[in-house]
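Welcome! Please have a look at the structure below, and then we will walk through it together, topic by topic.

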Amino acid sequence: MGAAAADLEARQLRILARIADLELAAQQRRLAALSISAAPPSEDGEAGAGATEARLSALLAARGVRDFAFRRVPADYYDRPLEERRGLLRADSVAQLCKSIVMVNTQAAADVVDCSNPKNSKYYVVVVQYMARLNAENIKNFLYELNEKQIPKKRFNMRLAPEEESHKLTGFVHNAVTCIGMETNIPVIIDEAITKLDEDFFWLGGGEVDLKLGMRTSQFLSAFSPFVVKCS
């Protein structure tokens, strides 16, 4: 009986090891499907995927984000419906398609002119799903509570920052804005809905209009510690 039990245990361990190998292989195949797409050569002959991907990749890796990917998209990407964009990114659902928008507090006190105080910043970058409708009032209420109601609520009025202002602050043009590697250290707010997606993965701008960046949500939260707010 002892020998039979030992043999059974050994077989069970082999089965468990095989299952673990299969799960690892499946994960590697899934991440490989998100691998960086080859970009067309630039006029000087160098790979067009160069500086932006390299800089953001290094920043993400330094912060401990391991599961991320870049993908090039066609020039008419933003003319296409969300379902087609999802297909181009090979995302699991349109709910994973997000954008980073720069918002400005138009009613901030005169001495609030920059982003030095994350709790009471002149600007915030808000990451929200394309399919969602941003609720600025929710952000206003969050900031009011964040400051322990010591700042009058009327001092919070979040509005979309002008495009040229967004460009200056982030270093990214319209439709290329990402909350990673910005010129200015702007506090980041991520919509709570994104953090609750079953896939634990989301896509957003990648620093160039035709470049998109996807990453593991849980790793992004750990690496960048954004404010998580129900803002849609």
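How many residues line the largest pocket, and which of them lie nearest its centre? The lining of the largest pocket is made of 28 residues, and Lys99, Ser100, Ile101, His174 and Asn175 are the ones nearest the centre. Keep in mind that this is a predicted model, with an average pLDDT of 88 for the chain.

**The largest pocket**

- The volume of the largest pocket is about 440 Å³.
- Four elements each give at least two residues to the lining of the largest pocket: strand 2 (98-105), strand 3 (123-129), helix 5 (163-170) and strand 6 (201-208).
- Strand 2 provides the largest share of that lining, with five residues.
- Sorted by class, the lining of the largest pocket holds 18 nonpolar, six polar and four charged residues.

**The second largest pocket**

- The second largest pocket has about 350 Å³ of space.
- Its lining is built from 18 residues, and those nearest the centre are Arg63, Asn185, Ile186, Val188 and Phe224.
- In the lining of the second largest pocket you can find 13 nonpolar residues, four polar ones and one charged one.

- Strand 2 and strand 4 run antiparallel and are joined by three bridges.
- To see a bridge between partners, find Met103 and then look in strand 4 for Leu160.

- Another open sheet has three strands in the order 1-7-6, and here the pairing is antiparallel.
- Strand 1 (68-72) and strand 6 are the edge strands, and each of them pairs on one side only.
- Neighbouring strands of this sheet are turned against each other by 30 degrees on average, with direction ignored.
- Strand 6 is joined to strand 7 (residues 211-216) by six bridges, and these two strands run antiparallel.
- Trp203 has Gly214 in strand 7 as its bridge partner.
- Strand 6 also links two of our topics: besides being an edge strand here, strand 6 supplies at least two residues of the lining of the largest pocket.

**Helices across the strands**

- Helix 2 (residues 50-62) lies across strand 1, strand 6 and strand 7, and runs at about 165 degrees to strand 1.
- Helix 7 (residues 217-224) lies across strand 6 and strand 7, and its direction is at about 85 degrees to strand 7.

**How confident is the prediction?**

- In this chain, 81% of the residues have a pLDDT of at least 70.
- Over residues 35-48, pLDDT stays under 50, and the model has 17 contacts beyond four places in sequence for this stretch.

How values were computed. Residues are numbered from 1 along each chain as its sequence is written. This is a predicted model: local features need pLDDT of at least 70, side-chain atom pairs count only at pLDDT 80 or more; totals for chains, interfaces and linings use all residues. Side-chain values use heavy atoms; hydrogens and water are left out. On a 1 Å grid over the protein atoms alone, a cavity is a set of points where a 1.4 Å probe fits but cannot get out, and a pocket is an open set with protein on both sides within 12 Å along at least five of seven lines; lining residues have an atom within 4 Å of a point. Grid points are joined across faces, edges and corners, and a volume is the space filled by probe spheres set on the points. Ala, Val, Leu, Ile, Met, Phe, Trp, Tyr, Cys and Pro count as nonpolar, Asp, Glu, Lys and Arg as charged, and the others, Gly among them, as polar. Two strands pair if DSSP finds at least two bridges between them. pLDDT is the predictor's confidence in each residue, from 0 to 100. Contact means heavy atoms within 4.5 Å. Axes are lines fitted to C-alpha atoms, for helices over the stretch in contact, and angles run from 0 to 180 degrees between N-to-C directions.
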